[in-house]
Amino acid sequence: PMKALPKISEAEYEVMKIVWNYAPISTNEITEHLTRTTDWSPKTIQTLIKRLVNKGVLTYEKRSRVFVYTPLFEQNEYIGQESRSFLDRFYNGNFTSMLTAFLDSGRLSDTEIHTLRALLSKDPKKGDR
């Protein structure tokens with residue numbers, strides 16, 4: 001099984017999205033990005049950064065007088081974990097019932113259904129896993 005990732009809040013995830021996109025990135029740059037897209041104060045943002053460092057999700061080094069942050073986990077590791085907890089929360093971990101719900105809702109386009117078919121018909125033994 002994959003290593004369990006530290007649990008992070010939605011706000012912390014917003015911070016991480018910036019870091020994943022721009023790392024290595026300084027405190028000021030993170031703050032600049034997030035004050036544009038949220039109504040958080042720089043103080044709030046710094047608290048979130050600290051929490052992420054304490055949780056072992058972010059690491060930093062001091063360059064001259066600036067703290068520069070890099071992620072300790074890949075974004076896709078988190079997305080994997082989040083999709084699993086989404087499945088558990090809403091579909092009792094049952095992927096088939098989630099897929100059925102999506103298909104029945106009529107929300108999937110023909111292209112999406114076509115893509116799904118192609119994905120499902122891949123031979124898992126030859127795949128990446």
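How many bridges join β1 to β3, and which way do the two strands run? Two bridges join them, and the strands run antiparallel. The model is predicted. Its sheet is open, with three strands in the order β1-β3-β2 and antiparallel pairing. Because β1 (25-26) and β2 (58-63) each have a single partner strand, they stand at the edges, and one side of each is left without a neighbour in the sheet. The points below go through the sheet, the helices, a pocket and some backbone details.

**The sheet**

- Strands of a sheet pair through backbone hydrogen bonds, in a parallel or an antiparallel way.
- β2 and β3 (residues 66-71) run antiparallel and are joined by six bridges.
- Within this pairing, K62 stands opposite F67 in β3.
- Helix α3 (residues 42-54) packs on the sheet, where α3 touches β2 and β3. The direction of α3 makes about 110° with that of β2.
- L58 of β2 (58-63) stands opposite P71 in β3.

**The β2-β3 hairpin**

- Two residues lie between the strands of the hairpin of β2 and β3.
- S64 lies in this loop between β2 and β3.
- The phi of S64 is near 45°, a positive value in a residue other than glycine.
- Is S64 buried or exposed? S64 has 70% relative accessibility, so it counts as exposed; the cut-off is over 50%.

**Helix α4 and what follows**

- Helix α4 (residues 75-91) has 17 residues. From its first C-alpha to its last, α4 reaches 23 Å, close to the 24 Å expected at 1.5 Å a residue.
- Which residues of α4 are buried? They are E77, Y78, Q81 and L87.
- An α-helix has 3.6 residues a turn, so residues three or four places apart point the same way.
- The cover over the buried residues of α4 includes α1 (10-22) and α5 (95-104).
- Just after α4 comes N92, with a positive phi of about 50°.
- N92 lies in the loop between α4 and α5. N92 is exposed, because its relative accessible area of 73% is over 50%.

**The second largest pocket**

- Rolling a probe the size of a water molecule over the atoms shows where empty space is left.
- The second largest pocket has a volume of about 160 Å³.
- Its lining consists of I8, S9, E10, Y13, E14, E82, S85, F86 and R89.
- The elements that give two or more residues to this lining are α1 and α4.
- Which element gives the largest share of the lining? That is α4, with four residues.

**Helix α6**

- Helix α6 (residues 110-121) has 12 residues. Its reach from first C-alpha to last is 16 Å, close to the 16 Å expected at 1.5 Å a residue.
- Why does α6 lie largely in the open? The number of buried residues among its 12 is zero, so α6 lies largely in the open.

**T35 in helix α2**

- T35 lies in helix α2 (residues 27-37).
- T35 counts as partly exposed, because its relative accessibility is 36%.
- Leaving aside neighbours within four places in sequence, T35 is in contact with W40 and I45.
- T35 and I45 are 10 residues apart along the chain, and their C-alpha atoms are separated by 8.6 Å.

**Backbone details to check**

- Most residues other than glycine have a negative phi, and most peptide bonds are trans.
- The peptide bond from A23 to P24 is cis, with omega near -5°.
- P24 lies in the loop between α1 and β1.
- N92 has a phi near 50°, which is positive in a residue other than glycine.
- S64 likewise takes a positive phi, near 45°.

How values were computed
Residues are numbered from 1 along each chain as its sequence is written. This is a predicted model: local features need pLDDT of at least 70, side-chain atom pairs count only at pLDDT 80 or more; totals for chains, interfaces and linings use all residues. Side-chain values use heavy atoms; hydrogens and water are left out. Two strands pair if DSSP finds at least two bridges between them. Contact means heavy atoms within 4.5 Å. Axes are lines fitted to C-alpha atoms, for helices over the stretch in contact, and angles run from 0 to 180 degrees between N-to-C directions. The expected span of a helix is 1.5 Å times one less than its number of residues. Buried means under 20% relative accessible area, exposed over 50%, partly exposed in between (1.4 Å probe, protein chains only). On a 1 Å grid over the protein atoms alone, a cavity is a set of points where a 1.4 Å probe fits but cannot get out, and a pocket is an open set with protein on both sides within 12 Å along at least five of seven lines; lining residues have an atom within 4 Å of a point. Grid points are joined across faces, edges and corners, and a volume is the space filled by probe spheres set on the points.
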